[in-house]
Amino acid sequence: MLRAIEWILLGAGSVVAILYGVRRHRPARKAPWLLLAAAVATLSAGDVLYAYRRMDLAEVCYLAMFALVVVCLLQFTRDGSLLADRARLIDLVAFSCSTLLVVWVFVIGSAGQMGAVNAADVIGDLLLAGVAVRLVLADRRNVAAILLLAGGLGMLAGDIFYPLTKGSFAAETTYVALYLCWGMSALHPSMVRLTEPRPPEPTPWRIHWTVLLAASAATPPAVLLIEALNNDVRDGVVIAVTGAVTLLLTITRLADAIRQHSAALNRERGLRTANTALVAAADQPAVDAAVRTAIIGLLPPGSVSRVLLATDDGALAAESLPPAPAGSGSRSWWAPADDPDECVLICPLRLEPLAVARPSGGALILTGRKEALTAGRDALEVLAGEAALALDRITLVEAVGRRDSDLYLRAVIRNTAEIMAVIDSDHRIRYASPELRRLLGGDELPPLIAFDDLVHPDDQAMVRVRLRAQGDGKVFCALRRKDDTQAFVEMTYRDLRDDRLVQGLVVTMRDITDRHDPGERVPYQDAGEMPAQVNRRSAQHKFRF
């Protein structure tokens, strides 16, 4: 009774530790750890039944525990977890199963005993320990993987020494180590890395690995054939179980290869469709729509909750996202999301295949499940590069269109008396007719000069407010000439900032200087003027229009 209570406490404590670790550290996938907790609970139940001498029920619990641990380790080695590709692991496990079958049939014999040791338990423990060793080799500093391996080795040592020592205290200690190690593996923060999504790494085809897998699948039928030719099929159950396991591993290996091939085809098809849509895009909304449509095809449904195509660094800064990590050669990086179950992937808009950032910056920002974003990270980086090329193509086409429009406008109105100018959204003069230069008395306007710099200081604030407002309008103002005199103009402007070809204000001015007192054309006089003259000039200046 006391021994049964001890096993109950050990099993309950280990299960509670695993569940608490899952709740505290929140791994990307909880299924492997929940399966491990179920395996520990089943093992504890088997030990309790063994303490009460219910050997048949205890054996059933032990077999169920092995099944749960196998499924648990398969979850740990699933593509996208600690092992980016489990193909080699499956090949080695299948070969180990066939080798252990040969040892069982031709060395151990049908009794299934190596002295007092149960060979089936030892073979199962060796397979589990082999998978745990592969996890440790994938991340040598992962304490959780080391503790899982220590627990598996403890179970192997217990299954060997417990029958040989007839249940000694030292042999039972190995099972206690199993409970403690598997419970503590979930409490350590490194347990998160065992299921952390990683980019898939397709394994290149090698003929020797294919031959090894084929030999493993052919071994159970070959052993059965040898026994049938000897008219003594004594290990039919073992051969059938081993054949089923080997066949299952082979099917898993083929399913992984087919899934990788299908994913590559979907990725290629999605990027090809996106490339066609981006080439046909004529403006930024069309690029944004093409990118969103491509993401729907590249990622599983419901895996992305938010997509943002920031076309410049200003839009990127408005999201308060972290910059690229220092020294990182990756074309994308991660950022935390508001939802703890999600993360943010930032793919900068880089000009592929030049692999340089766009002059205006920008990035493709996706918020969703990290597992799905990691699996499609490479495709999303390529998509961001294609979007960058499309955006820069649209920008260059618009720039060329505006340049041709300006050249056409300059050629058409070269000899007209109309005073015209095209002003950008930042009030920089992009084009000015020759008549404006003659009106101001200069040869050429300075490059990138602002229209505000040509307006008299008393009218600058009023003109600036009127030009920043939306819509067309008319305003009267004074322009400063090169000789410090004023030219009064009636300015009519059209707001074409939303026009794709213009993207600015078209200003037409009419000289009305002749309507004013010639004295108003000189706003500043010598300091020797009489006060009455200053007051008179000030009044004329206020009501000059």
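Helix axes here are lines fitted to C-alpha atoms over the stretch in contact, and angles run from 0 to 180 degrees between N-to-C directions. Helices (H or I, at least four residues) and strands (E, at least two) are DSSP runs, numbered from the N terminus. The model is a predicted one: local features need pLDDT of at least 70, side-chain atom pairs count only at pLDDT 80 or more, and totals for chains, interfaces and linings use all residues. Residues are numbered from 1 along each chain as its sequence is written, and side-chain values use heavy atoms, with hydrogens and water left out.

Take α8 (residues 207–229) and α9 (residues 236–280) to begin with. The crossing of α8 over α9 is left-handed, meaning that the near helix is turned anticlockwise from the far one by less than a right angle. On the α8 side, the contact (heavy atoms within 4.5 Å) includes Leu213, Pro220 and Glu227, while Ile239, Gly243 and Arg253 are among the residues that α9 brings. The contact residues split into six nonpolar, five polar and two charged; Ala, Val, Leu, Ile, Met, Phe, Trp, Tyr, Cys and Pro count as nonpolar, Asp, Glu, Lys and Arg as charged, and the others, Gly among them, as polar.

The term stands for a side-chain nitrogen of Lys or Arg within 4 Å of a carboxyl oxygen of Asp or Glu. These two residues are four apart in α9, about one turn of the helix. The structure has 13 salt bridges.

Another helix pair is α2 (residues 31–51) with α7 (residues 169–187), packed at about 160° with axes 11 Å apart. Trp33 and Asp47 of α2 and Tyr179 and Trp182 of α7 are among the residues in contact. This contact comprises eight nonpolar, two polar and one charged.

Then there is the sheet: five strands, open, antiparallel in pairing, in the order β10-β9-β13-β12-β11. Strands count as paired if DSSP finds at least two bridges between them. β10 (429–432) and β11 (473–480) are the edge strands with a single partner each, so one side of each has no neighbour in the sheet. From one strand to the next, the twist averages 30°. Between β12 (residues 486–496) and β13 (residues 504–511) there are eight bridges, and Val489 has Asp511 of β13 as its bridge partner. Helix α15 (residues 457–468) packs on the sheet, touching β11, β12 and β13.
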